[in-house]
Amino acid sequence: MSVLNTAQQKAVAELLRVSPVADELGRRFADAGHQLHLVGGSVRDALLDSLGDDLDFCTDARPEQTLAVVDSWADAIWETGREFGTIGIQKNGLRIEITTYRAEAYDGVTRNPVVSYGDSLHDDLSRRDFTINAMAVSVPGHEFTDPFGGLDDLAARVIRTPASPAQSFGDDPLRMLRAARFAAKLRFTVDPPVLAAMTDMAADLDRITAERIRDEFTKLMCAADPLTGLRLLVDTGLADRFLPEIAGLKLEIDEHAQHKDVYEHTLIVVSNAMRLEGDESPDFVLRMAALMHDVGKPATKAVGRDGRVSFHHHEVVGARLTKQRMKALKYPKDVTSEVVGLVALHLRFYGYGRGEWTDSAVRRYVTDAGPLLSRLHKLTRSDVTTRNRRKAAGLAADYDALEERIDRIAAEEDLAKVRPDLDGNAIMELLGVPPGPIVGQAWRHLKELRLDRGPLDRDEAEAELLRWAEEQGF
């Protein structure tokens, strides 16, 4: 065994030694005649010195036996995963999942495994997705088990499967997405045979539910290096199965219509957005908007007589495509709405530097963005990827000026709560009408005035309302 391996084994043993909960739990299982092992991602993260408060264990005990062991010991117990052999508990602030050894079988058609219990740790580890997740440490004995070379792969920073990649991905095609996700999270390299299987078997991802794909993709997007994961998804064809718009950004470049590669531009925008996240990192909404902001370009591409390429209204088309794609992936409506809103607004800023924006335009920019304004600032700045330093500096200066102008107007007016200068009760009293459509129309008219002209005093607002009512024939 190498010096590195020995050192890392000692690191795990020391970690468990100073974590009395794990050893105490192990002794309870041993007293009941059962084995217990820290396993999978918990061992991997311990070796990487990044173990959190979530611990995964496996055992030969059946779920009902596990419940008997932890019943009087755990601070809380949940059984939501019991049908899959998992019992969850909480102890001293730690979230712990204890799963019975598994020997899963797949028929290659259904989306979920048929779970059956196994009798050995080796068989349980052999069914796991990657070698770096197929290591275990017994408690309280601290014996290290690594039958598939996960420790060496962890040192080499490579992602391999315990079984053949074809068998592993045939069992559960979602593992192909997980390979890309772990590459993004850990900045590891995918082993060439694994990469080849991901490419050959990409269509098998169609067996997986939208919800499982969504959850895995969201984790990839929120990882430390999502660009690595995204490139893997596109290069293997996996993205074509659930997010074809991204691969579609690789617009063909010909001798008559030279233009920048929108796909590479998009990845840079995602990277730029990550640098601007600040304390909100990782911000899935911002990253997803950066990824999708130009997906409307392929459908709107046009080449003019002068050979120049244009993508008129691609933000409108892109917003529609984004909404359709996120709906298909079963994202929550509020998350979808925020991403779609950013895609729709991401071009609004351009033109500001030409001096065309009035205070009214600034108010509308802020009002339309609403709670998305901070993210819109970040997305708009991230979208500047030109290599022309003078142009980039000019755009940055323009946006600095816009933000300063927003702050100035906001100091004079409450831009976050732009409302008409007359409320519904005042409208009904002045027009002598009951609640109904007329009040709503009048309210919207006064709000438009408020956006165009800023705050009006009471007399001006009443005069404008009466003038509007007369024009409408009320």
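**Figure 1. Helix H11 and the residue that follows it.** Directly after H11 comes Gly237, whose phi is positive, near 90°; helices here are DSSP runs of H or I with at least four residues, strands are runs of E with at least two, and both are numbered from the N terminus. The model is a predicted one, in which local features need pLDDT of at least 70 and side-chain atom pairs count only at pLDDT 80 or more, whereas totals for chains, interfaces and linings use all residues. Residues are numbered from 1 along each chain as its sequence is written, and side-chain values use heavy atoms, with hydrogens and water left out. H11 is mostly covered, since eight of its eleven residues are buried, a term that stands for under 20% relative accessible area, as against over 50% for exposed and partly exposed in between, with a 1.4 Å probe and protein chains only. The buried residues are Pro226, Leu227, Gly229, Leu230, Leu232, Leu233, Val234 and Thr236.

**Figure 2. The packing of helix H8 against helix H11.** Two packed helices are described by the angle between their axes and the distance between the axes. For H8 (residues 174-186) and H11 (residues 226-236), the axes come within 7 Å and cross at roughly 150°, where axes are lines fitted to C-alpha atoms, for helices over the stretch in contact, and angles run from 0 to 180 degrees between N-to-C directions. H8 and H11 are therefore roughly antiparallel to each other; angles over 145 degrees count as roughly antiparallel, under 35 as roughly parallel, 65 to 115 as roughly perpendicular and the rest as oblique. The crossing of H8 and H11 is right-handed, meaning that the near helix is turned clockwise from the far one by less than a right angle, with anticlockwise for left-handed. On the H8 side the contact (heavy atoms within 4.5 Å) is made by Leu177, Ala180, Ala183 and Ala184, and on the H11 side by Pro226, Thr228, Gly229, Leu232 and Leu233. By class, this contact of H8 with H11 has seven nonpolar, two polar and no charged residues, with Ala, Val, Leu, Ile, Met, Phe, Trp, Tyr, Cys and Pro taken as nonpolar, Asp, Glu, Lys and Arg as charged, and the others, Gly among them, as polar.

**Figure 3. The packing of helix H8 against helix H10.** H8 and H10 pack at an angle of about 10°, with their axes 9 Å apart. That angle makes H8 roughly parallel to H10, and the crossing of the two helices is left-handed. H8 contributes Leu174, Leu177, Arg178, Ala180, Arg181 and Ala184 to the contact, while H10 contributes Arg212, Ile213, Glu216, Lys219 and Leu220. The residues of this contact of H8 with H10 divide into six nonpolar, no polar and five charged.

**Figure 4. Helix H10 against helix H11.** The axes of H10 and H11 come within 8 Å and cross at roughly 135°, which makes H10 oblique to H11. Phe217, Leu220 and Met221 in H10 meet Pro226, Gly229, Leu230 and Leu233 in H11. The contact of H10 with H11 comprises six nonpolar residues, one polar and no charged.

**Figure 5. Two of the aromatic pairs.** A search of the whole structure finds four aromatic pairs, for which rings of Phe, Tyr and Trp (its six-membered ring) must have centres within 6.5 Å, with planes under 30 degrees apart counted as stacked, over 60 as edge-to-face and the rest as tilted. One of them is the edge-to-face pair of Phe130 and Phe182, at 5.9 Å centre to centre and 85° between the planes. This pair links distant parts of the chain, 52 residues apart, with Phe130 in the loop between helix H5 (121-126) and strand S6 (136-138) and Phe182 in helix H8; both Phe130 and Phe182 are buried. Phe217 and Phe242 form another edge-to-face pair, at 5.5 Å centre to centre and 70° between the planes. Phe217 lies in helix H10 (residues 210-221) and Phe242 in helix H12 (residues 239-242), so the pair ties together parts that are 25 residues apart in sequence. Phe217 counts as buried at 1% relative accessibility, and Phe242 counts as buried at 3%.

**Figure 6. The surroundings of Ala61.** Ala61 lies in the loop between strand S2 (54-59) and helix H4 (63-70) and is buried, with a relative accessible area of 0%. Leaving aside its neighbours within four places in sequence, Ala61 is in contact with Phe29, His34, Thr66 and Thr100.
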